[in-house]
Amino acid sequence: MASRVQVLCGRWDCYVNGGGVEQFVEFTLAVNSLAEHFNRLRLPGLVRLCQGLESAALARLEEATCSLLPAQEIAALQRQLDTLVGSVAALCSETPDRRSECHEAPTQTVDWVKRRAVWIVSSEAGGEYCEGLQKQLRFFGFEVCLLGLDNCPQPGGSPLAVLFVPAQPECGDEGLARISAYRAACPAAQLFYIGGAAAIDPVVGLMRAGVDIVIPAEVQAAMVIDRILDLVRTEERIKHKVLVVEDSRVATALIRRTLAEHGFDSRAIADPEPLLDVLKEYRPDLILMDMHMPRFNGVEATRVLRQIPDYQSIPIVYLSGETDVGMQVEALRLGGDQFLVKPFNPVLLAAVVKTKIERFREAQRSSQTDGLTGLLNHSAAKSYLKSMMNGASDQDRVVVAMIDIDHFKSINDTYGHPVGDQVIRGLAWLLKARLRATDLIGRYGGEEFIVALPDVSLEMARTIIDRIRGDFASLPHSHPGGAFYTTFSAGMSAFPVVSASAVLETADHALLDAKRLGRNRVECASERP
Ligand SMILES: Nc1nc2c(ncn2[C@@H]2O[C@H](COP(=O)(O)OP(=O)(O)OP(=O)(O)O)[C@@H](O)[C@H]2O)c(=O)[nH]1
């Protein structure tokens, strides 16, 4: 992490010590790349700081193109950079090992449970709401610190989130000043205000003071936990993939370099002829298409793709030296989503690719997620599993676990469907809280879940799932008359095997074994005769 920050500072120094527009663009690229890195490490507060710095730099890009920025502009950017560097330094010194590249494979230890500090600031720290919130957060692996209104935030603290739980929805000047003090002391944290009034004015006031997320008063503690768990899973499961269709080797190298700097995976083909095969195998999230190529041009290739249901909505961005506006409009009318003129501005290219993919993903998300848990639904989970396995080499491992809550029917019968739903949600949260962002978690059916863990041995995966099993067994589920406990069984299987469906089938058999052998246990397919 520190070396990336050094690169960023080095680029900034190059610019301020007499560099030109190229150095400024390099600096902006480095900020964006750092934001992507923090996103992968699930550090949303640092992502926010990077994004603020990137926006400030982009706003000055045009000015920087003409000459060195005026001294006060440089000083303003320098302040933002210093805040970012200071926050990273505070984080590194506080948590030397915990935050090491957590997207890398946890090969040595099973202790990859994501502990994160959450501060709750409230005049009613001992109140029922805060107590409940605290209990649940602790259960899901967060370190909670309850703070009264008189506590002053200590600079350098690095909580993942600070939750303000006011006694009444109105914040008042004193409350806003307090929020600003926390914002200054914990620049990397996400600030939540619970109980915001449903009106624009007060919410804008809260956001100006530094609040990131305002949650309406009527939202229950359980939903707040869901939002915080989402924070630690900000990363997409699989890196965004871009297919570059471009016949110029120089342009291809430049494009791929820019994409790599922004954390995108990319593949390039020089000729659209094998396009359909490559799409099927690589499954990109976006295509960057050159306009003029031998044999077919980009528009013709795009028109073919738009005839095929699977590719009707994949974003296609044209890259071309074509400046004729009429021609550009025609190209867009025939199926393209955007037109970028070569030579392209790398910052703009990355921003266009990123926003197009995010919109595309957002549109897909509602059809891919399960309404009750927010996890991937059955078909999306299967399709992610397939692409996970397609992307894995022979040496890579992907372990799949099928998890099923025991005697769930009797929970519904005894306590009612809504309580049953809450049990399903509880298990979903536990899986989200305990597993890495790179792991796939899906709701496979009613009370059945699928989990796929890349880059981990079957033994370690078993230990992890078994630990979650133990935790789930001790999770109290409340009902109007008190609380009860329940368990799950899991069957596991490991890739490399023939196919995604084969690994699912063997995991399913192992799950049946776990049920047959008494439930509340984890069985592995490889242990079967
Ligand atoms: N509350 C609730 N119940 C669901 C949902 N989806 C499925 N179910 C119920 O889950 C129950 C699953 O029961 P079974 O498949 O018989 O299995 P089980 O009782 O868990 O028993 P074992 O799996 O053998 O331990 C059925 O009664 C379904 O109606 C849901 O979204 N919410």
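## Overall architecture

The protein has 19 helices and 17 strands, where helices (H or I, at least four residues) and strands (E, at least two) are DSSP runs numbered from the N terminus. The structure is a predicted model, in which local features need pLDDT of at least 70, side-chain atom pairs count only at pLDDT 80 or more, and totals for chains, interfaces and linings use all residues. Residues are numbered from 1 along each chain as its sequence is written.

Of the 529 residues of the protein, 38% count as buried. A residue is buried if 20 or more other C-beta atoms lie within 10 Å of its own, exposed if 12 or fewer, and partly exposed in between, with C-beta atoms placed from the backbone. Among contacts with a separation of 6 or more, 67% join residues 24 or more positions apart; a contact requires C-beta atoms, placed from the backbone, within 7 Å.

Together with helix α8 (residues 200–209), β4 and β5 make a right-handed β-α-β unit. Right-handed here means that, with the strands pointing away from the viewer, the path from the first strand over the helix to the second runs clockwise.

## Nonpolar core

The largest nonpolar core has 136 residues, and A401, V451 and M492 have the most contacts inside it. Helix α2 (residues 21–40) gives the most to this core, with 9 residues. Such a core is a set of buried Ala, Val, Leu, Ile, Met, Phe, Trp, Tyr and Cys residues joined through C-beta atoms within 7 Å.

Leaving aside residues up to four places away in sequence, A401 touches V451, A461, I465, A490, M492 and A507.

## Ligand surroundings

The ligand is surrounded by 16 residues, of which D406, F408, K409, G420 and G446 are the closest; a residue is near a molecule if its C-beta atom, placed from the backbone, lies within 6 Å of it. β11 (398–405), α16 (408–415) and α17 (417–434) each supply at least two residues of this shell, and α17 gives the most, with 4 residues.

By class, the shell comprises 4 nonpolar, 5 polar and 7 charged residues. Ala, Val, Leu, Ile, Met, Phe, Trp, Tyr, Cys and Pro count as nonpolar, Asp, Glu, Lys and Arg as charged, and the others, Gly among them, as polar.

Definitions and conventions. Two residues are in contact if their C-beta atoms, placed from the backbone, lie within 7 Å.
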